[in-house]
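Dear colleague,

Please find below the structure that I am handing over to you.

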Amino acid sequence: MDDVIVVENLVKKFKDVVAVNGISFSVKRAEIFGLLGPNGAGKTTTIHIIATLLRPTSGRVMVVGYDVVSNPYEVRKRIGIIFQDPSLDMDLSAYDNMYIHGRLYGLRGEELHRKIMELLDFVDLKQYANKIVRNFSGGMRRRLELARGLLHEPEILILDEPTIGLDPQTRARIWEYITRIQNEKGITILMTTHYMDEAEELCHRIAIMDRGKIVGMGTADELKQIIGSDIVIAKFDKPMCIDEEFVKECKILADGRTEIVVSNASKILPQIFEYAEAKGVKILEISYRRPTLNEVFLHLTGRELRESLEEHPLSPKIERMRRFR
């Protein structure tokens, strides 16, 4: 699998504020790659540079073999982007929003009409083609933006916080469409999110960003292995702890259940059953959980992702500079 996005030592400064601080990563063809982090982490600035909307202060970004600084036109032909803020014309129909976008990319005639109807059907909006977008729900608008972003058949689709502000049911539906886009169309997807469950559900690999830097990168399981422990909760017919080499820590909880910290629960569970049998103790119930991405973020940064979402490191003035520079 070849790399279609390569980011090397990327830096972006807004006067005295370093929004992106020397990050490097690559995205493979047909991969869903996520940038996970709180507001102000540098995620949106990074994808704006990749999409040629901002020039880097230093470093290099290559998209499908083209440099984003020296060949921005070639890059733009090969990417689709869906911004965090809605960018649809609310006074036009779904079809007309798609039509205008297609004409901007040089599509016309029967080919354009066919693609519009196919993509509206793909996101289950074909029956609403002639309806005014102002009357659409938030989820319908997001699905229309997904369809519009695919109209010129990009090799890479960039999604900035694709489900922000949507209810859980609608978020899950958008996840289904994103997965279908990758599976059925083979498109590479680069997305930003501050939702841990979203990153874990959708992304093949995740880069955790904080204060302009990448502090961890890998699959969700690989990132959780940074902490390196699973937690087993067992209820025995009589409360007890296990004193064996495979146990890192063991304690009896207030409700009488036993909490056992191990390196790999799926491999250790049979040994727990063997230990209980040897001691003549019955296991009434047992379960385990792995560390969450929030716990990984806490381990890497010293604070929880949920807490850092409440921080606003960039002033409104800097935010305006970021938006219009």
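In this predicted model, V6 has M62 of strand β4 as its bridge partner. That bridge belongs to the pairing of β1 with β4 (residues 58-63), which is antiparallel and runs over five bridges.

Strand β1, residues 3-14, also pairs with strand β2, residues 17-28; the sense is again antiparallel, and nine bridges join the two. Within β2, V18 is the residue that stands opposite K13. The strands β1 and β2 form a hairpin with two residues between them, and K15 adopts a positive phi near 55 degrees there.

I would also draw your attention to I49, which is located in helix α1, spanning residues 43-50. Is I49 buried or exposed? Its relative accessibility is 0%, and because buried means under 20%, I49 counts as buried. Beyond its neighbours within four places in sequence, I49 makes contact with L10, K12, L54, P56, V61 and V68. As for V11, its C-alpha atom lies 10.0 Å from that of I49, with the two residues 38 apart along the chain.

Turning to the annotation, the unreviewed UniProt entry assigns the feature "domain: ABC transporter" to residues 5-236.

With kind regards

Conventions
Residues are numbered from 1 along each chain as its sequence is written. This is a predicted model: local features need pLDDT of at least 70, side-chain atom pairs count only at pLDDT 80 or more; totals for chains, interfaces and linings use all residues. Side-chain values use heavy atoms; hydrogens and water are left out. Helices (H or I, at least four residues) and strands (E, at least two) are DSSP runs, numbered from the N terminus. Buried means under 20% relative accessible area, exposed over 50%, partly exposed in between (1.4 Å probe, protein chains only). Contact means heavy atoms within 4.5 Å. UniProt positions are given in the numbering used here, feature names are shortened, and annotations may be inferred rather than shown by experiment. Two strands pair if DSSP finds at least two bridges between them.
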